[in-house]
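Reader: Before any questions are put, kindly show the sequence and the structure to be discussed.

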Amino acid sequence: EPDFWGYVEQQSEDPTSLAATVATANATDCGSMPNTIAGMGRCMIAMARKYAPRAVVALHASAWGTNMDAASNTDPTLDVAAVAQKTAKFLAACGESSADFVVVETSDRDAGYYQAQGKSTWWDAANVKLPDFHQDFAYVKALTEALNKPALYWQTPLGNMSLNNTSGHYQDNRVDYFFAHMSELAAAHAVGAAFGAGAGGCTTPDTDGGNFVTKAKAYYAAGGQSLCP
């Protein structure tokens, strides 16, 4: 469960102080590693290297792991770079320094889905009012630079603004914003984005009126986005 790393970070900013059964649970692969959350992360990455040497591996960075959510923040005085650096330090101690990339996310549900439940998860596409896309990109840029690892977005909802906020047809603006601003993702050192419905009833490529497929095809036909160094 990717959110695991956010929840344990909320317990302590020092993962070496959090107990976990590691060496005593798997002495074969991780017998030399400490029985801590830090040891658990390092054990998982070591096992991936051993048993799936051609795979790439990463830990997940939750923007809310420090108890200060850098993705949904509305306070213009919050230093999101400092928040990112705290999470980077936490994950580095858990083995992220030996990973290939770091995983980040937007939202696990369409904004319209959450809105129907009385919760706002919208990001301002005009980047005028927080929370907005530029704030999240600033967080991701600081995170990737602190870890010296590129980022991969996942849990990117598939809604669009033409939908009517009924089951399977919830609104969101992230697909449209991402495809229109891939250079901003690249500038934050993101190397990709994975899209998908996080729960039943959320928008899918089969229920979004063809928006995702149309934009993906156009993006591919145009040659894609060059990565930033």
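Reader: Does Asn-165 count as buried, exposed or partly exposed, and at what relative accessibility?

Author: The model is a predicted one. Asn-165 is found in the loop between β2 and α7, and its phi is near 60 degrees, a positive value in a residue other than glycine. The class buried requires under 20% relative accessible area and exposed requires over 50%. Asn-165 therefore counts as partly exposed, at a relative accessibility of 26%.

Reader: Asn-127 also has a positive phi. Is Asn-127 buried or exposed, and what is its relative accessible area?

Author: Asn-127 is found in the loop between α5 and α6. Its phi is near 55 degrees, and the residue is not a glycine. Because buried means under 20% relative accessible area, Asn-127 is classed as buried, with a value of 18%.

Reader: What is the omega of the peptide bond from Leu-130 to Pro-131?

Author: Pro-131 has its place in the loop between α5 (111-115) and α6. The peptide bond that leads from Leu-130 to Pro-131 is cis, with omega near -5 degrees.

Reader: How many helices and strands are there in the protein, and what pattern do they follow along the sequence?

Author: The protein has nine helices and three strands. Read along the sequence, these elements follow the pattern α-α-α-α-β-α-α-β-α-α-β-α.

Reader: What radius of gyration does the protein have, and what would a compact globule have?

Author: The C-alpha trace spans about 55 × 40 × 35 Å along its principal axes. With 229 residues, a compact globule would have a radius of gyration near 17 Å. The protein agrees with this, having a radius of gyration of 18 Å.

Reader: Of the contacts between residues at least 6 apart in sequence, what percentage joins residues at least 24 apart?

Author: Buried residues make up 45% of the 229 residues in the protein. Among contacts between residues at least 6 apart in sequence, the share that joins residues at least 24 apart is 69%.

Reader: Which residues of the largest nonpolar core touch the most other members, and which element supplies the largest share of this core?

Author: In soluble globular proteins, nonpolar side chains tend to be buried together. The largest nonpolar core here has 46 residues, of which Ile-37, Phe-137, Tyr-139, Leu-143 and Tyr-153 touch the most other members. Elements that each supply at least two residues include α1 (3-11), α3 (37-51), β1 (102-105) and α6 (133-147). The largest share, seven residues, comes from α6.

Reader: With which residues is Ile-37 in contact, leaving aside its neighbours within four places in sequence?

Author: Ile-37 belongs to the largest nonpolar core and is one of the members that touch the most others. Beyond its sequence neighbours, its contacts are Phe-4, Trp-5, Val-8, Pro-15, Leu-18, Ala-19, Ala-20, Phe-90 and Cys-94.

Reader: Which residues of α1 are buried, and what is included in their cover?

Author: In α1, the buried residues are Asp-3, Trp-5, Gly-6, Val-8 and Glu-9. What covers these residues includes α3, α4 and β1.

Reader: Is Val-103 buried or exposed, and which residues does Val-103 touch, not counting those up to four places away in sequence?

Author: Val-103 has its place in strand β1. Since buried means under 20% relative accessible area, Val-103 counts as buried at 14%. Not counting residues up to four places away in sequence, Val-103 touches Ala-58, Leu-59, His-60, Ala-61, Leu-152 and Trp-154.

Reader: Where is Pro-2 found, and which residues does Pro-2 touch, not counting those up to four places away in sequence?

Author: Pro-2 is found in the segment before α1. Its relative accessible area is 26%, and Pro-2 is partly exposed. Not counting residues up to four places away in sequence, Pro-2 touches His-60, Ser-62 and Trp-154.

Reader: What distance separates the C-alpha atoms of Pro-53 and Ala-126?

Author: Pro-53 lies in the loop between α3 and α4. With a relative accessible area of 63%, Pro-53 is exposed. Pro-53 and Ala-126 are 73 residues apart along the chain, and their C-alpha atoms are separated by 43 Å.

Reader: What percentage of the accessible surface belongs to carbon and sulfur atoms?

Author: The accessible surface of the protein comes to about 11100 Å². Of this surface, the part that belongs to carbon and sulfur atoms is 54%.

Key
Residues numbered from 1 in each chain as written. Predicted model: local features only at pLDDT ≥ 70, side-chain atom pairs only at ≥ 80, totals over all residues. Heavy atoms only, no water. Core = buried A, V, L, I, M, F, W, Y, C linked by side-chain atoms within 4.5 Å. Buried < 20%, exposed > 50% of the residue type's maximum accessible area, 1.4 Å probe, protein only. Helix = DSSP H or I, 4+ residues; strand = E, 2+ residues; numbered from the N terminus. Contact = heavy atoms within 4.5 Å. Rg over C-alpha atoms; globule rule 2.2 N^0.38 Å. Areas by Shrake-Rupley, 256 points an atom, 1.4 Å probe, with all protein chains shown as cover.
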